[in-house]
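Thanks, everyone. I will go through a few local features of one model, so please have the sequence and the structure open.

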Amino acid sequence: MIERAAGRSVLKSCGGDSGCAESKLRGKRISRGFLPIGEACDSNRASRGDMDDHIEGGSVNFEQLFTRADKFASALVSAKLAGGGDCAVTFDELVGQVGQLADKLASAGLIAGMQIGLQAPNCYEYLLWDLAAVKVGAVIHAVPEDLQSDMLAAIARKQSIALWVCEKPEHIPEISNKVSLADTLTEESFPVDRNAVPVTDGDLHSRVYSSGSSGYLKGLNISRRGTELLVSDFISAFDLKEADSHLIFLPLSNYQQRLSVYGCLWSGTSFKVARHTTVFQDIGRYKPSFIIAPPAIYENVYNLYGRAADAKEKLAAFLGGNIRFMITGMAPIRFDVLKAFNDLGFPLLEAYGVTETGVIAWNTRQNQRVGTVGKPIHPGHVHLTDDSEVIIRRPFPLSKGYFDSTESDSANTFLNDGSIATGDIGALDADGYLTLNGRKKEIIVTSSGAKFHPEELERSLSSLGGVNHCIVLMSKSDGRLVAVLFVAAQGDSGVASSIESGVQAVNASLPDYKKIHRWVLTDAVPSIDNGMLTRNLKYDRKGTYRHFQVEIERQKGRHR
């Protein structure tokens with residue numbers, strides 16, 4: 001059973017990192033904390049042993065990743081090349097090219113523990129750099145591909161980066177130790193800064209950035225052992241096999257996608273790395289057996305194909321006819337969309353996690369309750385405070401802490417007792433399924449002092465006929481609730497009338513402080529370009545308010 005904490009109780013440490021890695025900073029290679037999790041912490045031996053029983057070849061560890069991937073002769077990785085065109089190589093060919101790049105880096109003076117700054121779109125070369133870093137024991141410092149050059153230069157001044165790899169190095173003249181992504185496997189020399197200071201933490205696998213719900217970048221230190229454990233959990237829970245195929249299209253700078261790569265390599269699962277701008281075309285062409293995507297993708301697919309009388313046939317054709325399961329998370333998804341996919345025979349499984357700690361809970365083919373985020377992967381790791389915030393205490397979380405954030409963010413997330421505060425409000429039902437009720441930071445406080453989570457209201461409004469998406473905001477001018485309703489046909493008077501009746505019906509069931517006083521109808525489609533989606537395709541509340549600020553505030557006094 002999952003313990004409900006009476007506050008934030010102390011997590012007893014199962015051992016620090018000291019002594020877990022042998023470090024020879026000026027040698028060519030060092031052992032960087034490949035200590036198996038089961039040996040590192042007694043409390044984790046049982047779960048690691050269980051995974052060994054369920055995963056052919058044992059649980060995931062980076063020391064054996066390339067040897068294992070090399071054995072899958074028929075497995076393929078497909079991706080765009082940095083210079084244009086497509087490539088498809090076998091796993092053994094990939095491993096061979098990773099080895100070539102690793103040797104080239106070592107010859108250029110890169111040693112274990114040094115950081116490689118990587119800013120690039122999804123492409124084959126991104127995989128090579130990430131995996132070569134694993135092979136030589138370096139640390140990939142992954143920067144969002146859309147980060148502006150001045151911010152990249154600021155990171156370069158603060159961090160000791162041995163080599164920068166960029167798609168367009170000419171855009172960062174302030175940085176001298178840089179190489180073009182297109183020169184990954186050419187004869188071009190790598191200007192490694194041999195004076196760059198290596199990190200000494202053998203468990204530091206990567207450095208990544210996450211904006212989460214804060215709206216600004218936070219730097220996270222990613223744990224090698226936490227990564228191994230999480231990937232092992234995923235392979236075991238979803239029974240990944242050589243017969244599977246996976247489409248990855250969210251940015252590889254989002255660490256979740258790199259976890260998927262490691263899982264595919266370990267299990268012999270073929271995969272394709274695409275870009276989010278072509279995902280709708282790539283799904284049907286590639287015919288994956290599983291995908292992982294934010295709610296916006298599934299909601300758009302449902303709106304296009306899921307409402308018709310022949311929805312099952314249309315969805316099957318769109319998805320390629322090979323889907324075994326689909327996973328969603330990262331933000332709340334509409335209940336009607338979840339139910340429709342599952343009722344039509346396309347398992348859509350909701351999961352929950354945060355980069356700070358890794359995946360926390362998921363629905364699986366064997367255990368699913370639509371409307372929840374599933375059962376906690378390790379029930380003993382999940383706790384709820386008196387105010388229902390989800391707190392995680394696990395031996396090896398995915399992240400070891402922030403390397404770049406505000407003091408308050410760090411103190412409020414990575415707590416003194418070793419636990420991690422997610423900022424999410426949750427509840428457990430009698431069968432152990434976890435339901436999320438909203439973000440602690442996004443609680444709306446009305447002028448009367450009443451508090452509630454906007455997600456509750458958004459779910460009700462999104463289920464109205466004709467509404468594809470909904471975001472509830474508070475007017476800055478009068479403090480009243482405004483709903484931005486995304487519809488397919490803004491000018492259709494029949495749709496507008498139906499929505500008005502629907503909003504009034506929803507309002508009739510609500511207390512006064514939760515009633516929608518006015519709304520904006522729009523046929524716009526939320527996207528990264530218009531600022532209404534984050535780069536991870538989550539809804540951006542601040543961006544949506546900025547986009548519709550005139551409409552939201554112009555309606556002052558028009559109560560519905």
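Let me start with a bridge: Leu247 has Ile291 as its partner in E11. This is a predicted model, in which local features need pLDDT of at least 70 and side-chain atom pairs count only at pLDDT 80 or more, while totals for chains, interfaces and linings use all residues. Residues are numbered from 1 along each chain as its sequence is written, and side-chain values use heavy atoms, with hydrogens and water left out. Helices (H or I, at least four residues) and strands (E, at least two) are DSSP runs numbered from the N terminus.

Back to the strands. Strand E9 (residues 245-248) pairs with E11 in the parallel sense, over two bridges; pairing requires that DSSP finds at least two bridges between the strands. E11 also runs parallel to strand E12 (residues 325-328), and four bridges join them. Phe290 has Phe325 as its bridge partner in E12.

Which way do the side chains of E11 point? Phe290 and Ile292 point one way from strand E11 (residues 290-293), Ile291 and Ala293 point the other way, and all are buried. Buried means under 20% relative accessible area, exposed over 50%, and partly exposed in between, with a 1.4 Å probe and protein chains only. In a regular strand the side chains alternate between the two faces of the sheet.

Ser260, in helix H8 (residues 255-267), is in contact with His246, Ile248 and Ile292, leaving aside its neighbours within four places in sequence. Contact is heavy atoms within 4.5 Å. Ser260 counts as buried because its relative accessibility is 8%.

Next, a helix pair. The axes of H10 (residues 295-306) and H11 (residues 311-319) come within 9 Å and cross at roughly 130°. Axes are lines fitted to C-alpha atoms, for helices over the stretch in contact, and angles run from 0 to 180 degrees between N-to-C directions. H10 and H11 are therefore oblique to each other; under 35 degrees is roughly parallel, over 145 roughly antiparallel, 65 to 115 roughly perpendicular, and the rest oblique. Val301, Tyr305 and Gly306 in H10 meet Ala311, Lys314, Leu315 and Phe318 in H11.

Last, another sheet. Four strands form an open, antiparallel sheet in the order E16-E17-E19-E20. Its edge strands, each pairing on one side only, are E16 (382-384) and E20 (434-439). Neighbouring strands in this sheet are turned by 50° against each other on average, direction ignored. E16 pairs with E17 (residues 389-392) over three bridges, and Leu384 has Val390 as its bridge partner in E17.
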